[in-house]
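Reader: Hi, I'm new to this one and would like to go through it slowly. Could you put it up and start with the sheet?

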Amino acid sequence: MERGLRVLISGASGLLGRQLLADFNGASSGWAATGLAFSRATGDLRKVDLRDLSAVQGVLDDVSPQVVVHAAAERRPDVVEKNADATEALNVTATQYLAGECAARGIFLVYVSTDYVFDGTRPPYLPDAKPNPLNTYGKSKLAGEEVVRTTPKLRACILRVPVLYGTVETIEESAVTVLLKAVQSDKEGTKVNHVQRRYPTHVKDVAAICRGIADRSQSDAASVCGIHHWSGSEMLTKYDMAMVMADALNLRKDHLVADTAVDTSAVPRPHDCQLDCSSLRSLGLDANTPFRGGITAALEPFVKK
């Protein structure tokens, strides 16, 4: 298929960004994707500091994309709490630069946000539900949403997603895959959180949804403008995920203990941020990888033999 459309992907060295690049550059996509990174810019990725307005302007002028998918962010809540200024620069200021320059050039922007804009007390959450983030990470992403939402003349989709997993470079790259450490631990009575409810979502599903949004933005942008949600459908605690991993990978699980205590010393996290995805499904967009199959493929290379 002729690649007549161009998309620019920020955060292309990350877990989601790599999958976005692969999906948009797929043989039948019709898109030519350019990936941006900074600290981990290797191979064909272009090294661009999104906190530098002139650098943002330069790459947009050079690539001249029809769509930008902004997936770059500091998304580790514990890191964010200790690095508020750096998080503000990447999660808010960089978003402001991209939003303003996309608006000036008529480029459609997909801003990847998070379920952590909610406090997790009243699920499921519709896109128009009132946000109430509990931690600095959620607040920074909500601030990015506000920038996108209020930038004049910007055509954009704010896409909220939950915790992600997929083909990782290390198991520490995802809050889901890192649970393999507990599963493979030799320690008896290894505690795993069994309080907070999560909806682990494969990055290939999010990438497929982003491409669907990008496709629609070229023919019916109004239908995908505004706030939308995408999420896996299976509700699992971290303990549930660990048990699925153990079963699927034929690993022992009798050493795992469901931890139902609430850790008041940790960065606060919402209890249940189930996202209502009906707005995108009504447009015919859908992608849902069953957790067992998705996590098995992701973790098999890391299982101790």
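Predicted model: local features only at pLDDT ≥ 70, side-chain atom pairs only at ≥ 80, totals over all residues.

Reader: What about strand 1, how many bridges join it to strand 2?

Author: Strand 1 (residues 5-10) and strand 2 (residues 31-37) run parallel and are joined by five bridges. Within that pairing, valine 7 has alanine 33 of strand 2 standing opposite.

Reader: And which residue is the bridge partner of valine 7 in strand 4?

Author: That partner is valine 67, and the pairing of strand 1 with strand 4 (residues 67-70) is again in the parallel sense, over four bridges. Further along, serine 10 stands opposite histidine 70 in strand 4.

Reader: Switching to helices, then: at roughly what angle do the axes of helix 2 and helix 4 cross?

Author: The axes of helix 2 (residues 53-63) and helix 4 (residues 84-105) cross at roughly 40° and come within 10 Å, and the two helices are therefore oblique to each other. Their crossing is right-handed.

Reader: Which residues make that contact?

Author: From helix 2 there are Leu53, Val56, Gln57, Leu60 and Asp61, and from helix 4 there are Tyr97, Leu98, Glu101 and Arg105. Sorted by class, the contact of helix 2 with helix 4 has five nonpolar residues, one polar and three charged.

Reader: And helix 1 with helix 7, how do their axes cross?

Author: The axes of helix 1 (residues 15-24) and helix 7 (residues 203-217) come within 9 Å and cross at roughly 55°, and these helices are therefore oblique to each other. The crossing of helix 1 and helix 7 is right-handed.

Reader: Which residues meet there?

Author: On the helix 1 side they are Leu15, Leu16, Gln19, Leu20, Asp23 and Phe24, which meet Val203, Lys204, Val206, Ala207, Ala208, Cys210, Arg211 and Ala214 in helix 7. By class, the residues of this contact of helix 1 with helix 7 divide into ten nonpolar, one polar and three charged.

Terms used:
Residues numbered from 1 in each chain as written. Heavy atoms only, no water. Axes fitted to C-alpha atoms, helices over the stretch in contact; angles between N-to-C directions. Parallel < 35°, antiparallel > 145°, perpendicular 65-115°, else oblique. Left-handed = near helix turned anticlockwise from the far one by under 90°. Contact = heavy atoms within 4.5 Å. Nonpolar A, V, L, I, M, F, W, Y, C, P; charged D, E, K, R; others polar. Pairing = 2+ DSSP bridges.
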